[in-house]
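Trainee: I would like a close look at one residue and the parts it leads to. Please keep it brisk.

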Amino acid sequence: MIHALALPLEARPRDFTARLGRTRARTLGMRMRRRHLGRRALVLLVAVAVPALAAPDQWVRFDIGNAGHSTVTVEPMPFEKSGESFPGSAFYYLAAEDPLPMLGDGITSDAGGAVGAGAVARAMRIDNSGVDRTRALECLTAAIYYEAASESDQGQRAVAQVVLNRVAHPSYPNTVCGVVYQGSERVTGCQFSFTCDGALARRPSRMFWLRAMDTARAALSGYVERSVGLATHYHTIAVHPYWAPSLFHITTIGAHRFYRFNGAAGQPAAFRFAYAGGEPLPAPHPRSMAASQQSDPALDPLAVQKAFEAGLKSAQGGAALSGSAVQAPAPTYSAEIQGRGGDAIYRGEKLPDNTQVRPEYQHSGRWISQPGT
């Protein structure tokens with residue numbers, strides 16, 4: 001018989017302790033909240049059930065607005081109801097804009113369509129290279145921001161239209177930045193006051209700058225502000241410049257009065273809404289004291305209007321006096337061409353005339369006076 005070996009028993013570790021979960025002692029407040037929980041649920045159930053039982057025919061569980069109705073009644077707008085409108089309330093609602101009128105036969109101008117006291121400008125889209133587009137947007141945004149940051153949307157669009165009208169007029173630079181910063185090298189007398197009065201030193205507000213940029217982007221994409229027509233000048237109602245009585249007043253928008261030239265300078269034929277590019281840097285010109293001390297006729301509206309009339313009459317008189325076309329001088333040819341005869345080899349002296357055409361072909365292309373002969 002084999003006896004099992006008696007193995008010694010391991011002693012229990014002395015550091016053994018039982019881990020018991022701790023329970024939170026209930027306070028009097030917790031007992032009261034638990035007691036009133038059922039009462040609160042009962043009050044909520046009564047608040048929901050009583051209105052439904054009181055009017056069961058008016059309680060529709062899954063009806064969302066007028067989604068289940070086949071016909072919808074169009075309610076009048078607030079300003080159309082008697083007693084719910086106030087003077088000017090209708091202007092808070094946008095109206096659809098009429099399309100620009102099409103040019104008819106015999107009109108040779110880029111502008112057309114009468115509105116108010118003059119013609120309407122044509123769209124000018126600046127979609128050339130990225131450099132021209134970026135610079136034009138920067139300059140037009142600055143003009144709108146510093147000239148009409150607190151004006152309405154229409155007021156800002158009107159300022160942008162004046163800038164583009166000048167770009168289209170031959171008396172002003174043919175770029176947006178050139179128009180905006182014209183005369184900025186002077187201490188006073190610049191075309192847009194913010195370019196020479198130190199306003200550019202102020203940091204613009206981001207919110208108002210982005211708003212002006214949206215207006216400028218729309219104008220450069222072809223939007224036309226019809227209310228100002230072919231206006232090329234404006235001033236605030238707080239001042240009265242000397243040239244105002246000599247120009248044609250079109251309209252007043254917000255704090256600005258808008259004008260166009262009188263005579264031929266303000267007619268549609270004087271404008272050409274075609275963008276050629278070549279935008280300069282979007283910054284004011286270097287300050288020049290010599291330029292500030294001298295008068296510049298290009299910055300005077302009355303001088304510009306007078307010079308345009310004089311130039312037009314001179315051009316019309318010269319065209320009437322010259323009965324034939326002016327012959328251009330011969331170009332400069334290379335030595336090889338000069339050895340072959342120069343300009344004489346390109347002249348049409350050897351073209352056949354009536355004496356060199358065979359008799360049976362001299363009347364080719366003419367109508368037969370009497371058929372059959």
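Trainee: Take Y234. Which does Y234 count as, buried or exposed?

Mentor: Y234 counts as buried, at 12% relative accessibility. Buried means under 20% relative accessible area, exposed means over 50%, and partly exposed lies in between, with a 1.4 Å probe and protein chains only. This is a predicted model, in which local features need pLDDT of at least 70, side-chain atom pairs count only at pLDDT 80 or more, and totals for chains, interfaces and linings use all residues. Residues are numbered from 1 along each chain as its sequence is written, and side-chain values use heavy atoms, with hydrogens and water left out.

Start with the location. Y234 sits in strand β3. Helices (H or I, at least four residues) and strands (E, at least two) are DSSP runs, numbered from the N terminus. A contact means heavy atoms within 4.5 Å. Setting aside neighbours within four places in sequence, Y234 touches E147, V159, V162, F192, W243, H256, R257 and F258. A255 is 21 residues from Y234 along the chain, and their C-alpha atoms are 9.9 Å apart.

Now step back to the fold. The protein has eight helices and five strands. Along the sequence they run α-β-β-α-α-α-α-β-β-β-α-α-α. Of the contacts with a separation of 6 or more, 67% join residues 24 or more positions apart. Buried residues are 28% of the 373 in the protein.

Helix α3 covers residues 153–168. In α3, 13 of the 16 residues are buried, so the helix is mostly covered. Its first and last C-alpha atoms are 23 Å apart, close to the 22 Å expected at 1.5 Å a residue. The expected span is 1.5 Å times one less than the number of residues.

Helix α5 holds 15 residues, 206–220. Its end C-alpha atoms are 21 Å apart, which agrees with the 21 Å that 1.5 Å a residue should give. Buried here are W209, A212, M213, T215, A216, A219 and L220. Down the axis of α5, these buried residues fall within an arc of 165°, so they line one face of the helix. The arc is that of the directions from the helix axis to the C-beta atoms. What covers them includes α2 (130–148), α3 and α4 (176–180). After α5 comes G222, with a positive phi near 115°.

Charged side chains come next. Side chains of opposite charge can pair when their charged atoms come close. The structure holds three salt bridges. A salt bridge is a side-chain nitrogen of Lys or Arg within 4 Å of a carboxyl oxygen of Asp or Glu.

Take D153 and R211: their closest N and O atoms are 2.9 Å apart. D153 is partly exposed at 43% relative accessible area, and R211 is partly exposed at 26%.

E225 pairs with R157, again with closest N and O atoms 2.9 Å apart. E225 is in the loop between α5 and β3 (233–236) and R157 is in α3, so the pair ties together parts 68 residues apart in sequence. E225 is buried at 6% relative accessible area, whereas R157 is partly exposed at 26%.

R217 and D214 form a salt bridge at 3.2 Å, N to O. They are three residues apart in α5, about one helical turn. R217 is partly exposed at 34% relative accessible area, and D214 is partly exposed at 47%.

Last, confidence. pLDDT is the predictor's confidence in each residue, from 0 to 100. The mean for the protein is 78, and 65% of its residues reach 70 or more. Residues 89–96 stay under 50, with six contacts beyond four places in sequence. Residues 98–109 are also below 50, and this stretch has 18 contacts beyond near neighbours in sequence. Where pLDDT is low, the predicted coordinates should not be read in detail.
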